[in-house]
Each structure stands twice: as structure tokens, then as C-alpha cells.
Amino acid sequence: MGGLSRSHEVRHVILYAEKKTLLRRLAYRLEGRRSWGARQIDRCLRAFDRDIPGVKLHTDRLSVEQAAERAAALAGLTLAEDRRSRPRRLLDRAAARIRHIR
């Protein structure tokens, strides 16, 4: 962040969710409770609660679009309009999910 912060204002926004939500999201990506990601949840939540500064954006009840819009607003940014068709957005989202399956 050093070089970036010398020329730009850097704002830290933590995308935060409860453990139950994170486990559900991992299961959706076909990762079980014993996966590497699942085993990191407690450590990461502790760090977000105690050690890592930044604004927490609770994403448990937000869609991807809502989370992106709120994160952008917290950073003082306005997102460009998504001009993709609904089928294209769904296809892109499915492709991203497939890429994250481990």
C-alpha cells in the first residue's frame, strides 16, 4: 500500500460476515467445513475485530451488487452503470463461481 498511498487516498473497507454466512458461502463454492478457507474463519474474524483497522461493511444480508455499491459509497466513489443484460450478468457470475471452486 505504500506506493499507492503516496499518490492516492486509501480507505480500508472490510467486507465482513458472520461465521455462519461464511460457511454457507464456502459450501456454495463446494468447500466443506474442513477446507482451508473454513479453517481460517475464526482467525480472520478475530483479526477483523481486534487488529485490522477499517470500516466494517456487514454483508450477511447484502447481494453482491449491494455490497459493491455500499463499499464504493464508503470509499467516496460512484460506480459506473452495469450495462450488461441480465442473462450476461448471470453468466458472468456463474463463471466467477466456477473459477473459485477448489
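Is R84 buried, exposed or partly exposed? R84 counts as partly exposed, at 36% relative accessibility. The views below come from a predicted model.

**Figure 1. Overview of the predicted model.** The protein has 5 helices and 2 strands, and along the sequence these follow the pattern α-β-α-α-β-α-α. Its C-alpha atoms fill a box of roughly 40 × 40 × 25 Å along the principal axes. Of the 102 residues, 21% are buried. The accessible surface comes to about 8300 Å², and carbon and sulfur atoms account for 54% of that area. Among contacts between residues at least 6 apart in sequence, 60% join residues at least 24 apart. There are 25 positive and 12 negative side chains, and the centres of the two sets lie 5 Å apart.

**Figure 2. The salt-bridge network of D82, R84, R88 and D92.** In the pair formed by D92 and R84, the closest N and O atoms are 2.7 Å apart. D92 is partly exposed, with a relative accessible area of 24%, and R84 is also listed as partly exposed, at 36%. The structure as a whole holds 7 salt bridges.

**Figure 3. The salt bridge between K19 and D42.** The closest N and O atoms of this pair are 3.1 Å apart. K19 belongs to helix α2 and D42 to helix α3, and the pair links distant parts of the chain, 23 residues apart. K19 counts as partly exposed at 34% relative accessibility; D42 is partly exposed at 38%.

**Figure 4. The salt bridge between R93 and E65.** Here the closest N and O atoms are 2.5 Å apart. R93 lies in helix α5 and E65 in helix α4, so the bridge ties together parts of the chain that are 28 residues apart in sequence. R93 has a relative accessibility of 27% and counts as partly exposed. E65 is partly exposed as well, with a relative accessible area of 36%.

**Figure 5. Helix α2 and its packing against α3.** Helix α2 spans residues 19-28, and its buried residues are T21, L23 and L26. These buried residues pack against α3, which covers residues 36-50. K19, in the salt bridge with D42, is also part of α2.

**Figure 6. L30 and the nonpolar surface patch.** L30 follows α2 and is found in the loop between α2 and α3. Its phi is positive, about 65°, although L30 is not a glycine. L30 is exposed, with a relative accessible area of 61%. Together with I98 and I101, L30 makes a nonpolar surface patch of about 320 Å². I101 sits in the segment after α5, a helix that runs over residues 86-99. I101 is partly exposed, at 39% relative accessible area.

**Figure 7. The surroundings of T59.** T59 lies in the loop between β2 (55-58) and α4 (64-74). With a relative accessible area of 6%, T59 is buried. Leaving aside its neighbours within four places in sequence, T59 is in contact with L15, Y16, A17, R25 and A67.

Terms used: Residues numbered from 1 in each chain as written. Predicted model: local features only at pLDDT ≥ 70, side-chain atom pairs only at ≥ 80, totals over all residues. Heavy atoms only, no water. Helix = DSSP H or I, 4+ residues; strand = E, 2+ residues; numbered from the N terminus. Buried < 20%, exposed > 50% of the residue type's maximum accessible area, 1.4 Å probe, protein only. Contact = heavy atoms within 4.5 Å. Patch = residues over 30% accessible without salt bridge, like charges linked within 9 Å, V, L, I, M, F, W, Y side chains within 5 Å. Areas by Shrake-Rupley, 256 points an atom, 1.4 Å probe, with all protein chains shown as cover. Salt bridge = Lys/Arg side-chain N within 4 Å of Asp/Glu carboxyl O. Lys, Arg positive; Asp, Glu negative; His and termini not counted. Charge placed at Lys NZ, Arg CZ, Asp CG, Glu CD.
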